[in-house]
Amino acid sequence: MPNPPEVPKLAALTLEVTRTATARYLEDGDAARWEKDVSTALTRGHMAAYISGLAERDTGGKIRAFLSWFVGDWALSKDDRQAIKTTVAEQLDYLKRFVDIAGDLSEDQIKARADQYALATKQSYWQAWAGAELDCLPGQCEECYGNCRCVLRREADGIYWDCQDDAHSCASCRDRGAMSPFHSMTEED
Ligand SMILES: [Zn+2]
């Protein structure tokens, strides 16, 4: 099953902004502005990804997502707002640590890692889509990070982790894909 169309679309939008900011940093070395610009892009990217995933969760999610495009994030439930806040805070924390060591990295390493942050916005899509506490989300895996191309699938007994049928799935993700289901809905939800 391929990724839902929203996932690559949102990734492309976030990437465009972070790549522009990163190119500017590589030219002028202004780390503070770079961090600020990338932070803004990630905050918006995760929010947009979350709302897109929420729209696919259930009818209530669809309505809340629809309203949030007009009135902002207060159309979201308290749990949803908290989930976005937690993810964004975590991502900005990683970003800060990355910016701190960027001076020791090569240009290619900086570009590759900056891309990872932009691509990791897909985890917010899946988090909202799932509406449950999962041990891991596509985009959050500590082996493949934002490169993850896995998708989640909902069945009566839980949520399944589907790897793409190619060489792109890492060993950790293939292990998750072998669990049936990856997240049992009878456990606590
Ligand atoms: Zn992985």
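At what angle do the axes of α1 and α2 cross, and within what distance do they come? In this predicted model, local features need pLDDT of at least 70 and side-chain atom pairs count only at pLDDT 80 or more, while totals for chains, interfaces and linings use all residues. Residues are numbered from 1 along each chain as its sequence is written.

The axes of α1 and α2 cross at roughly 175° and come within 9 Å, where an axis is a line fitted to C-alpha atoms, for helices over the stretch in contact, and angles run from 0 to 180 degrees between N-to-C directions. Helices (H or I, at least four residues) and strands (E, at least two) are DSSP runs, numbered from the N terminus. The crossing makes α1 roughly antiparallel to α2, given that angles under 35 degrees count as roughly parallel, over 145 as roughly antiparallel, 65 to 115 as roughly perpendicular and the rest as oblique. On the α1 side the residues that meet α2 include Leu 10, Thr 14, Val 17 and Tyr 25, and their counterparts in α2 include Trp 34, Val 38, Ala 41 and Gly 45; two residues are in contact if their C-beta atoms, placed from the backbone, lie within 7 Å. By class, this contact of α1 with α2 has 10 nonpolar, five polar and three charged residues, with Ala, Val, Leu, Ile, Met, Phe, Trp, Tyr, Cys and Pro counted as nonpolar, Asp, Glu, Lys and Arg as charged, and the others, Gly among them, as polar.

Helix α2 also packs with α5, at an angle of about 30° and with the axes 9 Å apart, and α2 and α5 are therefore roughly parallel to each other. Val 38, Ala 41, Leu 42 and Gly 45 of α2 meet Ala 114, Tyr 117 and Ala 118 of α5, a contact with six nonpolar, one polar and no charged residues. In the loop between α5 and α6 lies Thr 121, which counts as buried because it has 31 C-beta neighbours inside 10 Å; a residue is buried if 20 or more other C-beta atoms lie within 10 Å of its own, exposed if 12 or fewer, and partly exposed in between, with C-beta atoms placed from the backbone. Leaving aside residues up to four places away in sequence, Thr 121 touches Leu 10, Ala 11, Thr 14, Leu 42, Gly 45, His 46 and Ala 49.

Helix α6 (residues 122-130) packs with helix α4 (residues 78-101) at an angle of about 155°, their axes lying 11 Å apart, and the two helices are therefore roughly antiparallel to each other. Asp 80, Ala 83, Ile 84 and Thr 87 of α4 make this contact with Gln 123, Ser 124, Gln 127 and Ala 128 of α6, and its composition by class is three nonpolar, four polar and one charged residues. Eight of the nine residues of α6 are buried, so this helix is largely enclosed by the rest of the structure. Among the buried residues are Tyr 125, Trp 126 and Trp 129, and the buried residues of α6 pack against α1, α2, α4, α5 and β1 (151-155). Gly 131, with a positive phi near 60°, follows α6.

The domain assignment divides the chain into domain 1 (6-131) and domain 2 (135-189), such bounds coming from an automatic or database domain assignment. The centres of domain 1 and domain 2, taken over C-alpha atoms, are separated by 21 Å, and the contact takes 10 residues from domain 1 and nine residues from domain 2. Both α5 and α6 give two or more residues to the side of domain 1 that touches domain 2, and α6 supplies the largest share of that side, six residues. By class, the side of domain 1 that touches domain 2 has five nonpolar, three polar and two charged residues.

The loop between α6 and β1 holds Gln 140, which counts as buried because it has 20 C-beta neighbours inside 10 Å. Although Thr 121 and Gln 140 are 19 residues apart in sequence, their C-alpha atoms are 9.1 Å apart in space. Tyr 145 is found in the loop between α6 and β1, and its phi, near 45°, is a positive value in a residue other than glycine. With 17 other C-beta atoms within 10 Å, Tyr 145 is partly exposed. Most residues other than glycine have a negative phi, and most peptide bonds are trans. A cis peptide bond, with omega about -5°, joins Ser 180 and Pro 181, and Pro 181 lies in the loop between α7 (171-178) and β3 (183-184).
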